[in-house]
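Thanks, everyone. Have the viewer open for this one. I'll go through voids, salt bridges, and a few surface spots.

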Amino acid sequence: MQGLMRHLLLAAGLAVGLAVPWATAQAQAAAAPAAAASAALPRPDDTEARREQVQPGNNAPLWRAVRRSGEQAGISTLPGAEQGVLIQRFVQLPGSRAVTAGEAWRELRNRWLLPYGGALLLIVAGAIALFYWRRGPLGTEVPEGGRPIERFTPFERSAHWANAIAFVVLAVSGLVMAFGKFLLLPVLGGQLFGWLSYALKTAHNFVGPLFVVSLAIVFVTFVRDNLPGRGDWQWLRRGGGLFGGHEAPSHRFNAGEKLVFWGGVLALGVVVIGSGLVLDRLIPGWGVTRGQMQVASVVHSVATGLMMAMFMGHIYIGSIGMKGAYRAMRQGWVDENWARAHHPWWYEDIAAGKIPAQRSAAAPALAAPPNTGLGGPSARA
């Protein structure tokens with residue numbers, strides 16, 4: 001009996017000894033896929049080196065760590081006022097989803113400023129072309145042959161041309177920076193467009209200060225003759241003669257020119273210059289954060305678009321839109337019949353001797369014919 005018990009215990013022990021390794025092996029085999037899957041998944045404490053091994057190219061933990069609200073410091077080591085903040089806080093503009101401030105600025109620029117700003121410029125250009133096609137140059141009925149009158153002195157013309165050239169360079173370079181990626185890049189290719197955009201961006205930065213100085217000189221030079229005066233409201237009501245049958249009388253500058261001066265030169269000029277200086281980081285304490293740069297960029301884009309639209313009409317009238325206007329700014333003088341037709345009150349003051357017909361040094365173009373005075377028969381005709 002005792003021998004039988006010993007044999008049973010020995011068999012049981014042998015069975016247990018064989019079952020434990022087998023169960024362990026089965027458990028390990030069953031847990032192997034889960035362990036492999038667990039090893040493949042990133043853990044919260046994974047390092048970039050560990051993640052690069054299991055999931056090459058996936059750096060989600062890094063961006064989760066630095067994607068702060070803007071009030072908490074991330075891991076950025078960028079110098080300046082925003083050190084430690086790599087991604088800006090979330091904002092929500094009207095009609096858009098909540099995104100980071102940088103993405104909101106990009107959407108505002110690409111979905112609103114560029115399409116609608118470009119449409120505004122195209123509408124103005126189309127209206128000018130249509131007007132020129134239907135009416136042609138204004139003032140073609142005014143005869144020539146009277147005595148020349150100096151309208152702009154050499155200093156006034158120099159200030160105006162300096163400002164005009166600077167404006168054209170800034171406008172062209174700005175348009176390329178805004179729309180070149182969509183219009184020129186597919187045509188020119190990356191290499192040529194890259195060179196062109198870099199050259200124009202450099203020109204934009206260097207010509208900007210010239211525009212600032214020349215605009216200030218233009219304002220000081222012409223502010224006296226652009227003060228509001230009699231007849232301005234009547235001129236605006238008639239649309240300069242478009243709705244009244246004939247041009248309303250004015251002094252040296254009419255109400256339309258005054259509107260360009262105060263609205264385009266002063267108001268929009270100050271906004272464009274101020275926002276441009278912020279973008280160039282030339283104003284102490286401004287333009288040091290991305291948020292300030294984004295606001296300045298939006299303000300600069302809107303103001304420059306409005307300025308270009310306004311000055312397109314001014315450039316048209318001063319070039320091909322009115323007979324004799326371009327010669328006045330290129331050579332400085334106009335025919336007295338032109339002055340009588342377009343600025344009769346200015347001409348009357350010149351004829352009465354209140355304003356000299358020639359304000360600068362003698363020039364061959366302004367030499368009066370013998371025995372002919374401004375108040376003579378040609379002036380009273």
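Let me start with a definition. We work on a 1 Å grid over the protein atoms alone; a cavity is a set of points where a 1.4 Å probe fits but cannot get out, a pocket is an open set with protein on both sides within 12 Å along at least five of seven lines, and lining residues have an atom within 4 Å of a point. Grid points are joined across faces, edges and corners, and a volume is the space filled by probe spheres set on the points.

Some ground rules. This is a predicted model, with local features needing pLDDT of at least 70 and side-chain atom pairs counting only at pLDDT 80 or more, while totals for chains, interfaces and linings use all residues. Residues are numbered from 1 along each chain as its sequence is written, and side-chain values use heavy atoms, with hydrogens and water left out.

Now the cavity. The structure holds 1 cavity of 30 Å³ or more. The volume of the largest cavity is about 60 Å³. Which residues line the largest cavity? They are Gly 139, Val 142, Pro 143, Glu 144, Lys 323, Gly 324, Arg 327, Asp 335 and Trp 338. That lining splits into 3 nonpolar, 2 polar and 4 charged residues. The classes are these: Ala, Val, Leu, Ile, Met, Phe, Trp, Tyr, Cys and Pro are nonpolar, Asp, Glu, Lys and Arg are charged, and the others, Gly among them, are polar.

Next, the second largest pocket. Its volume is about 1100 Å³. Lining the second largest pocket are 42 residues, and closest to the centre are Gly 174, His 204, His 300, Ser 301 and Thr 304. At least two lining residues come from each of α4 (101-135), α5 (154-183), α7 (190-222), α9 and α10. Helices here are DSSP runs (H or I, at least four residues), strands likewise (E, at least two), numbered from the N terminus. By class, the lining of this second largest pocket has 27 nonpolar, 12 polar and 3 charged residues.

On to salt bridges. Side chains of opposite charge can pair when their charged atoms come close. The cut-off used is a side-chain nitrogen of Lys or Arg within 4 Å of a carboxyl oxygen of Asp or Glu. By this rule there are 8 salt bridges.

Arg 327 forms a salt bridge with Glu 144, with the closest N and O atoms 3.6 Å apart. The two sit 183 residues apart, Arg 327 in helix α11 (residues 325-330) and Glu 144 in the loop between α4 and β3 (148-150). Arg 327 is buried at 19% relative accessible area, while Glu 144 is partly exposed at 47%. Buried means under 20% relative accessible area, exposed over 50%, and partly exposed in between (1.4 Å probe, protein chains only).

Next pair. Arg 151 forms a salt bridge with Glu 257, the closest N and O atoms being 4.0 Å apart. Arg 151 is in the loop between β3 and α5 and Glu 257 is in helix α9, so the pair ties together parts 106 residues apart in sequence. Arg 151 is buried at 2%. Glu 257 is partly exposed at 25%.

Third pair. Arg 359 forms a salt bridge with Glu 156, closest N and O atoms 3.2 Å apart. Arg 359 is in the loop between α13 (344-351) and α14 (377-380), Glu 156 is in helix α5, and they are 203 residues apart. Is Glu 156 buried or exposed? Glu 156 counts as buried, at 7% relative accessibility. Arg 359 is partly exposed, at 33%. Through shared partners, salt bridges join Glu 156, Asp 225, Arg 252 and Arg 359 into one network.

Gln 358 is partly exposed at 29%. Its C-alpha atom is separated by 6.5 Å from that of Ile 149, 209 residues apart along the chain.

Last item, backbone. Arg 281 has a positive phi of about 60° although it is not a glycine. Arg 281 lies in the loop between α9 (255-279) and α10 (290-321). At 55% relative accessibility, Arg 281 is exposed.

That's the tour.
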